[in-house]
Amino acid sequence: MFCKNSSLATTYGKETTDTVGSWIKAGFVSGPFDQPPLPNFRVNSLLMIPQADKIRPVLNTSLPEGKSLNNNVEESKLEKVFMSSARSFGYSVMRAGKNALMTKFDMKDAYKQVPARLNDLRLQGFYWLGKFF
């Protein structure tokens, strides 16, 4: 099923194309492909969210109603994630002790750094300028 891009795509086409290009260069996105690159490839709606200094493209995985990617997620199997406070983080560092290893996510690209199962990559596609990504 192909969902048409938001009307904002027409307004912010150049910015969206630039962002998709930067995603490809950074390795967040594969493509462009003339045909769906994987069996059972899902094409999600691509929305443009205007922000103060840029346009942020976002995949809408909640459509179509009743048949969306999100409709296939069992909430009971989801790990609950909460934002940590600075105080809680500080206590965690103290508990971990000297020589503990730690890592961080770059919040600018936070969602693009969360690993996905290889079997789920086919569910995260979108269509832009006549190409599949």
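Which side chains meet in a salt bridge at 2.1 Å, N to O? I put this to the structure at the outset, noting that the model is predicted.

**Entry 1: salt bridges.** I found that the side chains of Asp34 and Lys131 form this bridge. The pair ties together distant parts of the chain, 97 residues apart: Asp34 belongs to the loop between helix 2 and strand 1, and Lys131 to strand 4 (residues 131–132). I looked up the accessibility of both partners. Asp34 is exposed at 53% relative accessible area, and Lys131 is partly exposed at 28%.

I recorded that the structure holds 2 salt bridges. Asp18 also pairs with Lys14, with the closest N and O atoms 2.9 Å apart. Both residues lie in helix 2, separated by 4 residues, about one turn of the helix. Asp18 is partly exposed at 45% relative accessible area, while Lys14 counts as exposed at 61%.

**Entry 2: Pro32.** I then turned to Pro32, which sits in the loop between helix 2 and strand 1. Leaving out residues up to four places away in sequence, Pro32 touches Ile24, Lys131, Phe132 and Phe133. I noted 9.4 Å between the C-alpha atoms of Pro32 and Leu129, which are 97 residues apart along the chain.

**Entry 3: the core.** I looked up the largest nonpolar core and found 9 residues, among them Val20, Trp23, Leu46, Phe126 and Phe133. Helix 2 (13–26), strand 1 (43–50) and strand 3 (125–128) each give two or more residues to this core. For Phe126, setting aside neighbours within four places in sequence, I listed contacts including Val20, Trp23, Val29, Leu46, Lys131 and Phe133.

Note on methods
Residues are numbered from 1 along each chain as its sequence is written. This is a predicted model: local features need pLDDT of at least 70, side-chain atom pairs count only at pLDDT 80 or more; totals for chains, interfaces and linings use all residues. Side-chain values use heavy atoms; hydrogens and water are left out. A nonpolar core is a set of buried Ala, Val, Leu, Ile, Met, Phe, Trp, Tyr and Cys residues joined through side-chain atoms within 4.5 Å. Buried means under 20% relative accessible area, exposed over 50%, partly exposed in between (1.4 Å probe, protein chains only). Contact means heavy atoms within 4.5 Å. A salt bridge is a side-chain nitrogen of Lys or Arg within 4 Å of a carboxyl oxygen of Asp or Glu.
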